[in-house]
Amino acid sequence: PDVAYEKKYLEPDDHLALLWKNNLKFNSRQLAALKELYVWRDYLARNEDESTGYVLPNNLLLKICEILPREKQGILALLNPIPPLVRQCIN
């Protein structure tokens with residue numbers, strides 16, 4: 001019988017593994033942004049039936065959280081190329 005792949009659901013501290021793997025240290029604002037974007041990316045990936053890497057690759061996710069741009073132009077300036085789903089959801 002065919003069984004659909006089920007991606008495990010996020011645990012509260014899953015986003016911290018990204019910092020550890022990349023040997024990064026973030027302040028509390030950066031950590032809060034990382035957690036929010038990590039959850040958003042997972043939600044969007046599930047809704048669109050895409051991988052989280054397609055929605056927003058880890059390196060770009062970390063770059064946004066490191067720099068914390070204040071407006072969408074600042075976010076777009078960091079992303080090259082701009083992932084299609086980020087372009088769609090930037091507002």
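**Close-up 1. Contacts of L61 in the predicted model.** L61 touches L18, L34, L37, Y38, R41 and L56, leaving aside residues up to four places away in sequence; contact means heavy atoms within 4.5 Å. This is a predicted model, in which local features need pLDDT of at least 70, side-chain atom pairs count only at pLDDT 80 or more, and totals for chains, interfaces and linings use all residues. Residues are numbered from 1 along each chain as its sequence is written, and side-chain values use heavy atoms, with hydrogens and water left out.

**Close-up 2. The largest nonpolar core.** This core has 20 residues, and L34, L56 and L61 have the most contacts inside it. Two or more core residues come from each of α1, α2 (28-48), α4 (58-67) and α6. A nonpolar core is a set of buried (under 20% relative accessible area, 1.4 Å probe, protein chains only) Ala, Val, Leu, Ile, Met, Phe, Trp, Tyr and Cys residues joined through side-chain atoms within 4.5 Å. Helices are DSSP runs (H or I, at least four residues) numbered from the N terminus.

**Close-up 3. Surroundings of D14.** D14 is found in the segment before α1 (16-21) and is buried, with a relative accessible area of 17%. A polar atom of the D14 side chain lies 2.8 Å from the backbone nitrogen of E11. Beyond four places in sequence, D14 touches K8, Y9 and Y38.

**Close-up 4. Surroundings of P83.** P83 lies in the loop between α5 (72-78) and α6 (84-89). P83 counts as buried because its relative accessibility is 7%. Not counting residues up to four places away in sequence, P83 touches Y54, V55, L56, P57 and L60. The C-alpha atoms of P83 and H15 are separated by 20 Å, the two residues being 68 residues apart along the chain.

Notes. Buried < 20%, exposed > 50% of the residue type's maximum accessible area, 1.4 Å probe, protein only. Polar contact = N/O pair within 3.5 Å; in protein donor to acceptor, adjacent residues only side chain to side chain.
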